Amino acid sequence: TANRDLVRGSDNPPEIANDPNFGTAEADITARVDVTAYAKHKRAAMRAHASQIPEDSFFLSMPDDIFANVFGVEWYVREGQGPGITETDLMAGL
């Protein structure tokens, strides 16, 4: 996906970004949800779990705008959906 390419194309990508199995094949993704409004909360949650993501990690050292661009979209694969992106709001109709 585009997010994977942003991470791979950065100055100092994490080692996992070069793993050919990193992420999910774009053809298998059925939902794209814009969560840009929550990017600062996602970053705060990552910082709150220092045992899993150290403060000097690649993900936490990104400038705010790049972080929002990379983490501002959630991608999902839901059985019974697709092919391709068929949903943009997983809570619609609830």
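Reader: What is the relative accessibility of Glu 74?
Author: This is a predicted model in which local features need pLDDT of at least 70 and side-chain atom pairs count only at pLDDT 80 or more, while totals for chains, interfaces and linings use all residues. Residues are numbered from 1 along each chain as its sequence is written, and side-chain values use heavy atoms, with hydrogens and water left out. Relative accessible area, computed with a 1.4 Å probe on protein chains only, is called buried under 20%, exposed over 50% and partly exposed in between. Glu 74 counts as partly exposed because its relative accessibility is 24%.

Reader: Which residue does the side chain of Glu 74 meet in a salt bridge?
Author: A salt bridge here is a side-chain nitrogen of Lys or Arg within 4 Å of a carboxyl oxygen of Asp or Glu. With an N to O distance of 2.4 Å, the partner of Glu 74 is Lys 42.

Reader: How many residues apart are Glu 74 and Lys 42?
Author: Glu 74 lies in strand S2 (residues 73-76) and Lys 42 in helix H2, where helices (H or I, at least four residues) and strands (E, at least two) are DSSP runs numbered from the N terminus. The pair therefore links distant parts of the chain, and its separation in residues is 32.

Reader: Which residue forms a salt bridge with Asp 64?
Author: The closest N and O atoms of this pair are 2.6 Å apart, and the partner of Asp 64 is Arg 43. The pair joins helix H4 to helix H2 across 21 residues.

Reader: What arc around the axis do the buried residues of H2 cover?
Author: In helix H2, which spans residues 39-47, the buried residues are Ala 39, Arg 43 and Met 46. The arc, taken from the directions between the helix axis and the C-beta atoms, puts them on the same side of H2 because it is only 60°.

Reader: Which helices do the buried residues of H2 pack against?
Author: Contact means heavy atoms within 4.5 Å. On that criterion, the buried residues of H2 pack against helix H3 (58-61) and helix H4 (64-71).

Reader: Within what arc do the buried residues of H4 fall?
Author: The buried residues of H4 are Phe 67, Val 70 and Phe 71. Seen down the axis of H4, these residues line one face of the helix, because they fall within an arc of 80°.
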